[in-house]
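The following note concerns strand pairing and charged side chains. Please read it beside the sequence and the model.

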Amino acid sequence: MNNDKILDNVEIEEVQCKNNYIGDDDYMKCRIVRIDLLKKDGTSSFYASNYHIVPCSDCSEDSTDPFKAVKIRKNGFSLILTYKFVPEGTKMTEIITFKYDKLSNNFILHKKVRTLESYKNGEIENKTDVQTVKDFGKIYFSDYR
């Protein structure tokens, strides 16, 4: 992910929710996303984690898992989330992209694309909102909320 041609790791794990989640229950599971950039000898050159990017698997309004995919891209990665809302037929897809910044040896939020798809009068209506660093400033991966 940092263009050094050495395999790196992105891991998404279901864990017990931390106390900062509203409505915590003993059974409620949340997600942690971990990034580990590796060196040739297998040791880590960078490690970061975040509990706030990928929601729990049963937290959406329609009880389906909103996490759909992680896409590894040149110099970064994107997380794809999809939420279905009431009224039925309304769907929001969010793509959150982080890029590796060599100077800070960290991943920085690069872009958020949110597409809302709804059905009105038998027609599909799409609205897309794109935000970039110009809109939200410099946000490191571990600080994203």
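The points below take the basis of the model, then the strands, then the salt bridges.

1. This is a predicted model, in which local features need pLDDT of at least 70, side-chain atom pairs count only at pLDDT 80 or more, and totals for chains, interfaces and linings use all residues. Residues are numbered from 1 along each chain as its sequence is written, and side-chain values use heavy atoms, without hydrogens and water.

2. Strand S6 (residues 90-101) pairs with strand S7 (residues 106-120) in the antiparallel sense over 11 bridges. Strands are DSSP runs (E, at least two residues) numbered from the N terminus, and two of them pair if DSSP finds at least two bridges between them. Ile 96 stands opposite Lys 112 in S7. Four residues lie between the strands of this hairpin, where Asn 105 has a positive phi near 50°.

3. S7 also pairs with strand S8 (residues 123-132), antiparallel over 10 bridges. The hairpin of S7 and S8 has two residues between the strands, and Asn 121 takes a positive phi near 55°.

4. The whole structure contains six salt bridges (a side-chain nitrogen of Lys or Arg within 4 Å of a carboxyl oxygen of Asp or Glu). Glu 11, Glu 13 and Arg 34 form a network of them. The N to O distance is 2.9 Å for Glu 11 and Arg 34; Glu 11 lies in S1 and Arg 34 in S2, so this pair ties together parts 23 residues apart in sequence.

5. Arg 114 and Glu 94 meet in a further salt bridge (2.4 Å, N to O). Arg 114 is partly exposed at 35% relative accessible area, whereas Glu 94 is buried at 6% (buried, under 20%; exposed, over 50%; partly exposed, in between; 1.4 Å probe, protein chains only).
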